[in-house]
Amino acid sequence: MKPLYRNIFLGFGIVALIVMICCFPEGWDTVRQNSRGVMIYLPTIIAIWAVVYGLYSWAFQIIVNGSDHDKHLSFRHSVKLTLSAFAFTGLTPLGFGGGPYRVMELAKYIGTPRSISSVALYSMMHILSHFVLWAIGCVVFIGCHMETMNGFIWTLLIAYLVVFFGVAAFFNYSYKYGILCKLFHIFFYIPFLKGPCKRFYERNYDAFQTTDANIRYLYEHPRQLWGSLVIEVLGRILTSYEFYFILLAFGIEGANFTDALIILCFSSLIGNILYILPFQIGAREGSLAIILPLLYPVATAGIGIYVSIFTRIREIFWVVIGVALVKIGNKRIMK
């Protein structure tokens with residue numbers, strides 16, 4: 001990536017981070033009032049996410065190195081790209097920033113088509129892991145809270161499982177045959193866009209075909225493809241411990257890992273439905289305020305707001321590191 005573009009990413013990250021911190025005044029007051037609980041459990045939560053980001057970096061490394069090129073992305077540099085990409089994904093609406101950053105950093109070494117296909121593949125895997133996590137959450141909820149099941153909840157869970165299998169079939173088809181060209185063809189049917197989009201597609205036909213060929217190439221190596229998915233899902237499940245330790249910080253009796261997993265799934269689902277909001281501001285707080293009192297009647301909706309404060313501090317910590325890494329370790333990212 002050119003130094004100018006890297007400085008633009010850095011500048012945007014710093015500004016967005018300042019805005020994020022300034023929009024958190026009540027949270028800092030709550031932290032000061034409950035400093036003992038924060039000091040005990042926050043370091044553990046941050047350490048959990050160090051392992052989670054390590055797993056995400058490993059999955060990304062597998063996908064990048066699984067393409068048809070002779071370059072190698074080291075785990076160390078994969079961690080750098082992953083942390084910075086997640087920081088920009090969280091700071092931008094619709095998570096737009098992380099993908100272009102990765103593409104621009106990798107393009108120098110493996111070319112733009114291969115870098116686009118690698119980043120697109122990882123993004124698809126990241127999305128698919130969400131659906132796998134939610135499916136696991138449905139099964140865990142049924143197994144642990146059967147007494148709360150009623151016709152409405154059964155209908156919702158069955159409807160989701162139908163959606164899940166449909167999504168899984170779509171992703172399997174996308175990996176097998178490539179997806180970029182087919183998705184871009186949708187623009188050909190949109191008034192005012194079809195002309196410019198057709199001309200753009202014709203000018204970059206070889207790049208589109210190369211990108212889809214790289215996607216199909218990884219499908220032909222299932223060990224790398226599905227191995228990266230398993231690692232992603234493991235990382236997501238591990239984040240349940242964040243909620244588990246926060247529940248312990250509140251002294252909630254009966255807190256356990258399975259309920260923490262259910263809380264994670266519900267919070268993640270609502271957050272992704274409202275993905276347009278940077279860091280799902282408001283969405284996470286609202287989802288936690290709903291699900292916590294349902295699982296623990298002694299908990300009030302206000303506890304959900306307090307739980308989200310822990311996650312906000314953890315996010316700010318890792319965003320600072322991710323933004324700082326934009327200017328560090330940029331020589332020979334791939335060898």
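Here are legends for a few close-up views of this predicted model. Local features need pLDDT of at least 70 and side-chain atom pairs count only at pLDDT 80 or more, while totals for chains, interfaces and linings use all residues. Residues are numbered from 1 along each chain as its sequence is written, and side-chain values use heavy atoms, with hydrogens and water left out.

**View A. A positive patch on the surface.** Lys71, Arg76, Lys108, Arg332 and Lys335 come together here as a patch of positive charge. Lys71 sits in the loop that runs between helix H3 (35–65) and helix H4 (75–91); helices are DSSP runs (H or I, at least four residues). Its relative accessibility is 32%, so Lys71 counts as partly exposed (buried is under 20%, exposed over 50%, partly exposed in between, with a 1.4 Å probe and protein chains only).

**View B. An edge-to-face pair.** The whole structure holds 28 aromatic pairs, meaning rings of Phe, Tyr or Trp (its six-membered ring) with centres within 6.5 Å. One of them joins Phe184 and Phe188, edge-to-face at 6.2 Å centre to centre and 90° between the planes. Planes under 30 degrees apart count as stacked, over 60 as edge-to-face and the rest as tilted. Both Phe184 and Phe188 are buried.

**View C. A tilted pair.** Tyr244 and Phe245 have ring centres 5.6 Å apart and planes at 55°, so this pair is tilted. Tyr244 is partly exposed at 22% relative accessibility, and Phe245 is partly exposed at 21%.

**View D. A ring cluster.** Phe184 and Phe188 turn up again here, linked by ring pairs into a cluster with Phe187, Phe200, Tyr201, Tyr205 and Phe208.

Note on methods
Patches are made of residues with over 30% relative accessible area and no salt bridge: like charges are joined within 9 Å, nonpolar side chains (Val, Leu, Ile, Met, Phe, Trp, Tyr) within 5 Å. Accessible areas come from the Shrake-Rupley method with a 1.4 Å probe; for residues, only the protein chains shown count as cover. A salt bridge is a side-chain nitrogen of Lys or Arg within 4 Å of a carboxyl oxygen of Asp or Glu. Lys and Arg count as positive and Asp and Glu as negative; His and the chain ends are not counted. The place of a charge is taken as NZ of Lys, CZ of Arg, CG of Asp or CD of Glu. Helices (H or I, at least four residues) and strands (E, at least two) are DSSP runs, numbered from the N terminus.
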